[in-house]
Amino acid sequence: MYREILDIEPGHFDVRYLLGVIFLQQRKYSDAEQEISRAIDIRPDVSAAHFNRGLALAKLDRIDDALGSLDNCIGLEPDHGQALALRSALSKSRPQAASPAA
């Protein structure tokens with residue numbers, strides 16, 4: 001049904017975003033990231049879309065991209081608790097750059 005709607009109206013934010021969320025729930029993280037990214041292109045002001053894109057990217061082990069998406073979410077909604085918590089967890093799990101030898 002979602003695909004049929006998108007065939008008629010490809011710029012429909014809600015349908016594109018919800019399709020991405022369904023993919024996320026189905027653990028189809030690459031598909032989720034693609035659909036949610038398309039939704040963000042339509043409505044970049046929706047913090048939940050940035051959060052869910054960040055979640056999909058984290059599941060794809062694209063940590064830097066996930067952090068960027070979470071930063072966008074937090075920029076739109078500074079008190080977004082899930083985004084703040086995920087950002088903190090991802091930052092801690094990131095390998096630290098080696099310190100230059102003295």
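## Confidence in the model

pLDDT is the predictor's confidence in each residue, on a scale from 0 to 100. With that in hand, let's look at this predicted model. The protein has a mean pLDDT of 89, and 84% of its residues reach 70 or more. Confidence is highest in helix α4, with a mean of 98, and lowest in helix α1 (residues 2-8), where the mean is 65.

A word of care before you zoom in: where pLDDT is low, the predicted coordinates should not be read in detail.

## Helices α4 and α5

Two packed helices are described by the angle between their axes and the distance between the axes. For helix α4 (residues 47-59) and helix α5 (residues 63-76), the axes lie 8 Å apart and the angle is about 165 degrees. An angle over 145 degrees counts as roughly antiparallel, so α4 is roughly antiparallel to α5. Their crossing is left-handed.

Which residues of α4 and α5 meet? From α4 come Ser47, His50, Phe51, Arg53, Gly54, Leu57 and Ala58, and from α5 come Ile63, Asp65, Ala66, Ser69, Leu70, Asn72, Cys73 and Leu76. By class, the residues of this contact of α4 with α5 are eight nonpolar, five polar and two charged.

## Helices α5 and α6

On to the next pair. Helix α6 (residues 81-93) and α5 cross at roughly 150 degrees, and their axes come within 10 Å. α5 and α6 are therefore roughly antiparallel to each other, and the crossing of these two helices is left-handed.

On the α5 side, the contact is made by Ile63, Ala66, Leu67, Leu70, Asp71, Cys73 and Ile74. Their partners in α6 are Ala83, Leu84, Leu86, Arg87, Leu90 and Ser91. The contact of α5 with α6 divides into ten nonpolar residues, one polar and two charged.

## Helices α2 and α4

Helix α4 also packs with α2, at an angle of about 30 degrees and with the axes 11 Å apart. Are α2 and α4 roughly parallel or roughly antiparallel? Angles under 35 degrees count as roughly parallel, so α2 is roughly parallel to α4. The crossing of α2 and α4 is left-handed.

Tyr17, Val21 and Leu24 of α2 make this contact with Ala48, Ala49, Asn52, Leu55 and Ala56 of α4. Sorted by class, the contact of α2 with α4 has seven nonpolar residues, one polar and no charged ones.

How many aromatic pairs does a search of the whole structure find? The search finds one. The ring centres of phenylalanine 13 and tyrosine 17 are 5.6 Å apart and the ring planes are at 5 degrees, so the pair is stacked.

Both phenylalanine 13 and tyrosine 17 belong to helix α2 (residues 13-25), where they sit four residues apart, about one turn of the helix. Tyr17 is also one of the α2 residues in the contact with α4.

Notes:
Residues are numbered from 1 along each chain as its sequence is written. This is a predicted model: local features need pLDDT of at least 70, side-chain atom pairs count only at pLDDT 80 or more; totals for chains, interfaces and linings use all residues. Side-chain values use heavy atoms; hydrogens and water are left out. Axes are lines fitted to C-alpha atoms, for helices over the stretch in contact, and angles run from 0 to 180 degrees between N-to-C directions. Angles under 35 degrees count as roughly parallel, over 145 as roughly antiparallel, 65 to 115 as roughly perpendicular and the rest as oblique. A crossing is left-handed if the near helix is turned anticlockwise from the far one by less than a right angle, and right-handed if clockwise. Contact means heavy atoms within 4.5 Å. Ala, Val, Leu, Ile, Met, Phe, Trp, Tyr, Cys and Pro count as nonpolar, Asp, Glu, Lys and Arg as charged, and the others, Gly among them, as polar. Rings of Phe, Tyr and Trp (its six-membered ring) pair if their centres lie within 6.5 Å; planes under 30 degrees apart count as stacked, over 60 as edge-to-face and the rest as tilted.
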